[in-house]
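Biologist: Can you put the model on screen? I have some questions.

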Amino acid sequence: QLETQDRRNNLALTNMTAFTRFLTNTISHRNGKFSSKIVSSFLSKNGSLQRCLLSTYPPHTLYPMPALSPTMETGTIANWKIGAGQSFAAGDVLCEIETDKATIDFEAQDDGIIAKILKEGKDAVDLKVGVPICVVVDDEGDVPSFANYTVEDNQAASTDDSSLTSTEKASDEPTESTNVSLDHILMPAARHLSQSRGLDATGLKGSGKGGRVTKGDVLKAIKDGINLPPLSASTMISLEEDSASSTSSAVSISSPTQFASAPVTAAKPDMKNIVIPTISTSGTFTDVKNNNMRKVIAKRLTESKSTVPHFYATAEIELDNIMALRKKLMDMEVKVSVNDLIIRASALALRDVPEVNASYTKGLVRVSPTIDISVAVATPGGLITPILRNTDQLGLSDISSQVKDLATRARDGKLAPEEFQGGSFCISNLGMFGINEFSAVINPPQAAILAVGGGVKKVIVNTEYNENQAVQDQPSVKNIMSARLSADRRVIDEPTAGLFLSALRCYLTKPELLLL
């Protein structure tokens, strides 16, 4: 602490010495005359001296809301791990921040002491990235000085120099006086705009030459809500006569008279006699505020549907062989779900048709060298897509265990950012919810997403005729699953989508290939 205080004293002494030398030189070169403009110019180039002279608080650092993910724009502080007056070291968790996908720990990058927490509770909801959230000092003795600190104090100290400069400039430069008569105070465009709205803009302070009122002045006044007086009939006649005499002598005086006789403003209805009908509604409702995750999901899906050229390809796939394989594995005490088998089959299909395992980034098609499948998981806060890295290299047991682990931690909000950011392909399965078929929205920059529905029993008619068989195959009942691929047309064309779905059908109808 003594070393820190010595450094501060030395810095202050150095700054004051430089300031004194500057004033001495200035006075000697200007015959003892100098203005506050010169001082403000010097302070603007010496930030540390400016803060030393203008700030009333000890040296401190404002910690802003961090960007914990590339797509994070706002965050909510769930709770603080370090309180005001407590010290922390590099690597300690200062607080937990709820981002658009998960709750992530905000770790300190250096040692320090929290002098004051600026955002907590209701004030810590939906904070933009960069907003100050706490004050950090190095000396424990400086903590009491920030008991009444607000962000406005720091902003005021940082803007004093600019205010001084602007004030000095305003005092040094002479104000341009209005030397135009009232009849010509309005520029032609400004006069036409104010007359068309029935307003008198002659009282505005003009920014034009000689103080004349321009069209921009009138538009700014209307935008800022300045109440301009209504234009009287006599004023309208006077302005119209001036306009008529300056443009053409052939215009008769009857025109402004007729213009003046026109109603300036619409007649106001009698508010006392207006009967407001009573509207009765039945039932009750509850407004539920969206969390950050659902807001970001809504924003991204809207952007995807409006900017990504979607097209859809659907295939119906028999599940009887898959169900038979799953039953055999269950007898061998190997527990896998139909979803695990679909993930495995999709990974192998992507390996066979790598054009689908791509993304669209900055106008370029980027084919991923690894197959990383994102699996959509429903959580109480919204939908999240944890990633199975190198899915084509995983066996059924590994896929099953990793999906269970990722889904559990996703629902608990314990996923790390690298576990749900990225991916080269996405699968959304609503079959377990009783959905037969649906269309999924692409998650950019990925180029495709597979929407999987539930199995439905259908009668399948075998239309192939085999001349070597005396009795042809009879119609049978099969479990049919609908798989719909949503693809980005900038990356994937229709034949490529067909090849992928054909490969997927091959692996699911011949499930023994999934065991290789």
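The chat below goes through the chain as a whole, then a sheet, then a cavity.

Modeller: Keep in mind that this is a predicted model.

Biologist: Fine. How many helices and strands does the chain have?

Modeller: There are 13 helices and 18 strands.

Biologist: And what percentage of the residues is buried?

Modeller: Of the 516 residues in the chain, 36% are buried. The accessible surface is about 30,600 Å², and carbon and sulfur atoms account for 54% of that.

Biologist: On to the sheet. What is the order of the strands in the open sheet with 6 strands?

Modeller: The order is β9-β18-β17-β16-β12-β15, with mixed pairing.

Biologist: Which strands stand at the edges?

Modeller: Those are β9 (310-318) and β15 (387-388). Each has a single partner strand, so one side of each has no neighbour in the sheet.

Biologist: What about β17 and β18, parallel or antiparallel?

Modeller: Antiparallel: β17 (residues 448-460) and β18 (residues 476-488) pair over 11 bridges. As an example, Lys457 has Asn479 in β18 as its bridge partner.

Biologist: New topic. How many cavities of 30 Å³ or more are there?

Modeller: The count is 1. The largest cavity holds about 30 Å³ of space.

Biologist: Which residues line the largest cavity?

Modeller: Val375, Val377, Pro386, Leu388, Val403, Leu406 and Ala407. Helix α12 (residues 396-411) gives the largest share of that lining, 3 residues.

Biologist: What classes are in that lining?

Modeller: It has 7 nonpolar residues, with no polar and no charged ones.

Definitions and conventions: Residues are numbered from 1 along each chain as its sequence is written. This is a predicted model: local features need pLDDT of at least 70, side-chain atom pairs count only at pLDDT 80 or more; totals for chains, interfaces and linings use all residues. Side-chain values use heavy atoms; hydrogens and water are left out. Helices (H or I, at least four residues) and strands (E, at least two) are DSSP runs, numbered from the N terminus. Buried means under 20% relative accessible area, exposed over 50%, partly exposed in between (1.4 Å probe, protein chains only). Accessible areas come from the Shrake-Rupley method with a 1.4 Å probe; for residues, only the protein chains shown count as cover. On a 1 Å grid over the protein atoms alone, a cavity is a set of points where a 1.4 Å probe fits but cannot get out, and a pocket is an open set with protein on both sides within 12 Å along at least five of seven lines; lining residues have an atom within 4 Å of a point. Grid points are joined across faces, edges and corners, and a volume is the space filled by probe spheres set on the points. Ala, Val, Leu, Ile, Met, Phe, Trp, Tyr, Cys and Pro count as nonpolar, Asp, Glu, Lys and Arg as charged, and the others, Gly among them, as polar. Two strands pair if DSSP finds at least two bridges between them.
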